[in-house]
Amino acid sequence: MVDLKGQYEAIKEQINTTFSTILETSAFINGPEVHGFQKELEDYLNVKHVIPCANGTDALQIAMMGLGLQPGDEVITADFTFAATVEVIALLNLTPVLVDVDPDTFNITPEAIEKAITPKTKAIVPVHLFGQCADMDAILEIAKKHNLFVIEDNAQAIGADYYDKDGNKHKAGTMGHVAATSFFPSKNLGAYGDGGAIFTNDDELAHTLRGIVNHGMYERYHHDVVGVNSRLDSLQAAVLRAKLPLLDSYNIKRRNTARKYNKALENINDIILPTTRKGYGIICDKCTCHVFHQYTLRITNDKRDALVKHLNDNDIPCGVYYPIPLHKQKAYVDDRYNDDDFKITNQLSNEVISLPMHTELDDEQINFITKTIIGFITG
Ligand SMILES: Cc1ncc(COP(=O)(O)O)c(C=O)c1O
């Protein structure tokens with residue numbers, strides 16, 4: 001699904017030199033690489049504060065802790081996402097409220113959010129799934145109307161642009177009160193181990209978050225709030241620093257691959273191509289709204305599972321993200337849910353398939369993958 005070795009080859013010298021320096025200086029934690037990366041990411045995103053941490057799951061949890069959410073507060077998020085999003089809500093004894101998503105973009109819908117709001121609702125967590133933003137204009141408007149926090153789960157969309165209703169461009173993860181991202185190796189900006197970060201434009205919140213990531217300390221050995229231990233280490237920061245200037249070019253390569261997949265697979269019965277957010281054009285080199293963390297098709301007429309098997313038999317990796325809706329997962333079932341309210345997520349779980357997507361895919365591989373799919377579907 002990804003080719004991390006190929007990507008490493010292109011930046012090998014830089015990485016090896018920086019790694020040697022870190023090993024020589026032994027500045028493994030909170031060294032200059034971490035501070036340098038933090039500043040460079042703030043510049044890239046045009047956000048006031050980046051708080052690096054150990055992984056994307058921690059980033060979400062720390063963001064919720066920083067906002068002061070209390071047990072019993074309801075947090076609305078998408079039924080169709082990776083479990084980390086809902087896991088941290090549950091871990092903090094907040095109440096997760098899962099809602100359905102849009103069949104074209106796979107993202108949470110403003111209509112479903114509005115329907116789920118109660119007097120206990122305190123926050124919305126839009127997940128920018130597979131590489132493009134949820135409908136942030138509408139979500140921010142709902143949040144304003146109901147006085148709710150917006151926590152963007154930006155684990156899958158770093159580098160994506162969002163054009164608001166006035167035509168202003170924003171980077172994914174800079175529009176809500178706070179955002180969380182992951183630098184897991186397979187992410188668009190991936191480390192060589194775990195890593196994550198929280199972003200915010202709120203100075204006070206940033207200060208609170210900086211203490212929470214470090215055992216609740218604002219002054220050495222003074223623990224003012226309950227915190228956690230969540231650090232990005234220097235080796236991971238060095239990798240991220242080397243890759244950050246290349247992120248836009250990585251995302252262009254991903255978009256080019258998506259365009260080639262689209263061209264090869266268009267107008268074929270039983271295949272529904274991914275949609276880039278309506279209003280912002282078809283997929284092209286200039287459309288920067290989608291960074292294709294995943295290239296995800298819908299395969300209709302119950303053919304998805306057979307296609308997965310066929311691709312596996314032909315040594316083509318593929319993924320099903322996500323095969324079971326969260327409202328049906330044992331850990332998160334809840335009497336409040338009515339299966340009929342999750343029609344789209346239920347359908348997507350049976351139809352989605354993600355194809356190999358990374359910066360090193362070549363035309364020969366893309367042709368082989370698409371021909372194998374077409375052969376199976378039309379054969
Ligand atoms: C949508 C989403 N949220 C959160 C996370 C958690 O990130 P991490 O694996 O770095 O903890 C992921 C990771 O895959 C994700 O895809």
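A crossing is left-handed if the near helix is turned anticlockwise from the far one by less than a right angle, and right-handed if clockwise. The model is predicted, so that local features need pLDDT of at least 70 and side-chain atom pairs count only at pLDDT 80 or more, while totals for chains, interfaces and linings use all residues. Residues are numbered from 1 along each chain as its sequence is written, and side-chain values use heavy atoms, without hydrogens and water.

Helix H2 (residues 32-45) passes helix H8 (residues 234-243) with the axes 8 Å apart and at an angle of about 40°, and this crossing is left-handed. In contact (heavy atoms within 4.5 Å) are Pro32, Glu33, Val34, Gly36, Phe37 and Glu40 of H2 with Ser234, Ala237, Ala238, Leu240 and Arg241 of H8.

The axes of helix H3 (residues 56-66) and helix H4 (residues 84-91) come within 9 Å and cross at roughly 40°, in a right-handed sense. On the H3 side, Thr57, Leu60, Gln61 and Met64 take part in the contact with H4.

Around the ligand there are 14 residues (a heavy atom within 4 Å), of which Gly56, Thr57, Asp153, Ser182 and Lys187 come nearest. Polar contacts, pairs of N or O atoms within 3.5 Å, are listed below.

| Side chain | Ligand atom | Distance |
|---|---|---|
| Asp153 | nitrogen | 2.8 Å |
| Ser182 | oxygen | 2.7 Å |
| Lys187 | oxygen | 2.7 Å |

Notes. Axes are lines fitted to C-alpha atoms, for helices over the stretch in contact, and angles run from 0 to 180 degrees between N-to-C directions. Helices (H or I, at least four residues) and strands (E, at least two) are DSSP runs, numbered from the N terminus. A polar contact is a pair of N or O atoms within 3.5 Å; within protein, one must be able to donate a hydrogen and the other to accept it, and residues adjacent in sequence count only if both atoms are side-chain atoms.
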